[in-house]
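Subject: Two-chain model, handover and findings

Hello,

Here is the model you were expecting. Please load it first, then read the notes under it.

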Amino acid sequence: MHLSDEEKAMLDGRDGPAVQKAMDLLVRYGEALDAERLVSTHNVCATITSTTPFQRDFARAKGGMDAVFSEFSLDSQEVVPIPKFKVFTSHLQLGFDPAQPERMGLDEQTVRFYERSERHAASLGAQIMNTCTPYQVGNVPTRGEHCAWMESSAVVYCNSVLGARTNTEGRESCGAAMLTGRIPYWGYHLSENRHATHVIELDVEVESVQDWGLLGYFIGEQVQERVPVVHRAGGIARSPNLPRLKHFGAAAASSGGVEMYHVVGVTPEALTLEQALGGKRAQEVLRYGPAERRAAYEKLNATAGGSAEIQYVMLGCPHYTIEQIWEAAQLLEGRKLHPDVQLWLFTPRAIKDLADRTGYTRIIEEAGGVIMSDSCSAMSRAVPPGTRAVALDSAKQAHYLPAILGVQAWFGSTAECIDAACTGRWQGGLQ
Amino acid sequence: MSAASTAPRAAGPVAPDLALRGRKVVGGVVEGEALVTRDHISGWGGIDPRTGTVIEVRHELRGQSFAGKVLVFPGAKGSSGWSAMFHTARLMKAAPAAFLFNEMTTKIALGAVVTHAPAMTGFDRDPLDCIETGDWVRVDADRGIVEVTKKNNRHAGGQARARGERP
């Protein structure tokens, strides 16, 4: 792999041992990919903090937070002092909400260690956004901007909706990028890899947030990690907004490994179908009609059945927007949750603050629900005690939660979820 | 394959039944028993790094451990936590001895790098077609050669022996 003089100097230790270790990892990683070179990045999104007992014990045994960063974020067995980050770095979601430990069954020690870890990350320059949706709270890359992001639902949003460029990075490559401002120039950083390979022709209108999740779930399973373009003859009647595309990409990245998609007339690299395809022929053209929509719905409800009694409703995967909180608050206003049901709604800390100020938190709490941040049930493996069946308006969460926790999942619209929260029973169905 | 068959052998008295050539992803030489799957592997939510066991519901390796094995699979899928899970498996001494795979992605590339296990891809024939679970496999990632002794021809095998790996 070719290295510039600047990169060689970092590898030779000019900027100290941590930058040297970071560049060493990028060289090993770039060569593993068979990348030609590295590319400059000024935008990293990653998990940095530590939340597990294993990391806590590691810190104790090996020399504190620098030891944890050296091993887990730089793949360096030698403990090196970690300097301040060179690059604007946003912290992603974690394994719990440290503000509500009792609700998630967390012990005091774990929370204390996390807080120490958060202070360390913040002191190095990490923005403590603690969300899977950094593009909601101050990190909105522009078209063509080279990024190094983790979190599949954020990666697909970054590439597809914003037109910025990132691969699905991991904790260690992001750690190296923070200290060097470099990432391998490979995959979705190159224009020729961003063109669509598969055309999805819509035979039904796709309008609601639920509709976009169903479409994404269908597409991910069909195309796996390739690049789909969604097209409707005559155009899409209602241009999808942030909650719709957020749900769509997260679903496609769950049933498959989609990191980049196009919607003709909507996303920035698809003004036309020809542009999305980069002038090439599609490998395959797939139709999405009522039968495919129903099949996606049934797969998402594969674990549902029986009494339809619900003990838990989770909203906010990916983290809810303020618009979605506003909608949930309207649906809940003046109602009460069924005594056997709990409702947890997840959003970034910054948006929770906005919901507090606007009065939505009060409406949701008066109904018996809670707003949480930093995590979700799949990440935290935390659900209210006694949960056997969950109602969800997220295809991604419906995909993961039964596998992770062995619970039954009912997938539907937000309104159906809130009705289930208030009645204790799932009464939804595909409209 | 003359270079491979005339080289001094440390694997034992049995000559390999077949050899594959491929591209080095992570260098090193190691040998061990193959664990083969046609299913993609998820890291986060797909494996238990404490034991190296596949936990994904409906995965054909569910309940089996890849610790110390030569893992032969199509590629990685799922969350960006892939590398962190295999990294943790290494620290818990439950990582695979080597990775042989077909589809290159950033998840598998970074995962193999931080696992410090020899890894190869880009083979001249599909390893999923010619390597079976239980075969004895010698991976020389530095020279780009994989030698396979079919399980029927194996002498009583021992532990995977690793040479030339990164510490």
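Below are the conventions, then the findings by region.

This is a predicted model: local features need pLDDT of at least 70, side-chain atom pairs count only at pLDDT 80 or more, and totals for chains, interfaces and linings use all residues. Residues are numbered from 1 along each chain as its sequence is written, chains are lettered from A and ligands numbered from 1 in the order in which they are written, and side-chain values use heavy atoms, with hydrogens and water left out.

**Interface**

Chain A gives 30 residues to the contact and chain B gives 26. Contact here means heavy atoms within 4.5 Å. About 2400 Å² is buried between the two chains, 63% of it on carbon and sulfur atoms. On the chain B side, Trp44(B), Ser80(B) and Thr106(B) lose the most area to chain A, together 26% of what that side buries. Buried area is the accessible area (1.4 Å probe) that two parts lose on being put together, summed over both.

**First sheet in chain A**

Helices (H or I, at least four residues) and strands (E, at least two) are DSSP runs, numbered from the N terminus. Four strands of chain A form an open sheet, ordered E4-E3-E2-E5, with parallel pairing. Strands E4 (126–127) and E5 (148–149) of chain A are at the edges with a single partner strand each, so one side of each has no neighbour in the sheet. Two strands pair if DSSP finds at least two bridges between them. E2 (residues 43–46) of chain A and E5(A) run parallel and are joined by two bridges. Cys45(A) stands opposite Trp149(A) in E5(A). Helix H7 (residues 171–180) of chain A packs on this sheet, touching E2, E3 (88–91) and E5 of chain A. The direction of H7 makes about 145° with that of E2(A). Axes are lines fitted to C-alpha atoms, for helices over the stretch in contact, and angles run from 0 to 180 degrees between N-to-C directions.

Another open sheet of four strands has the order E9-E8-E7-E10 in chain A, and its pairing is parallel. E9 (262–263) and E10 (284–288) of chain A are the edge strands; each has a single partner strand, so one side of each is left without a neighbour in the sheet. Five bridges link E7 (residues 198–202) of chain A to E10(A), which run parallel. His198(A) stands opposite Glu284(A) in E10(A). Helix H8 (residues 209–223) of chain A packs on the sheet and touches E7, E8 (228–231), E9 and E10 of chain A. Its direction makes about 145° with that of E10(A).

**Helix pairs**

In chain A, H6 (residues 152–160) and H9 (residues 242–255) pack at about 120°, axes 8 Å apart. That makes H6(A) oblique to H9(A). Angles under 35 degrees count as roughly parallel, over 145 as roughly antiparallel, 65 to 115 as roughly perpendicular and the rest as oblique. Ser152(A), Ser153(A), Val156(A) and Tyr157(A) in H6(A) meet residues of H9(A) including Leu242(A) and Lys246(A).

In chain B, H2 (residues 82–91) and H3 (residues 106–115) pack at about 20°, axes 8 Å apart. H2(B) and H3(B) are therefore roughly parallel to each other. Residues in their contact include Trp82(B) and Phe86(B) of H2(B), with Ile108(B) and Leu110(B) of H3(B).

**Backbone points to check**

The peptide bond from Cys317(A) to Pro318(A) is cis, with omega near -20°. Pro318(A) lies in the loop between E11 (312–315) and H12 (322–332) of chain A. Glu151(A) has phi near 80°, a positive value in a residue other than glycine. Glu151(A) sits in the loop between E5 and H6 of chain A.

Best regards
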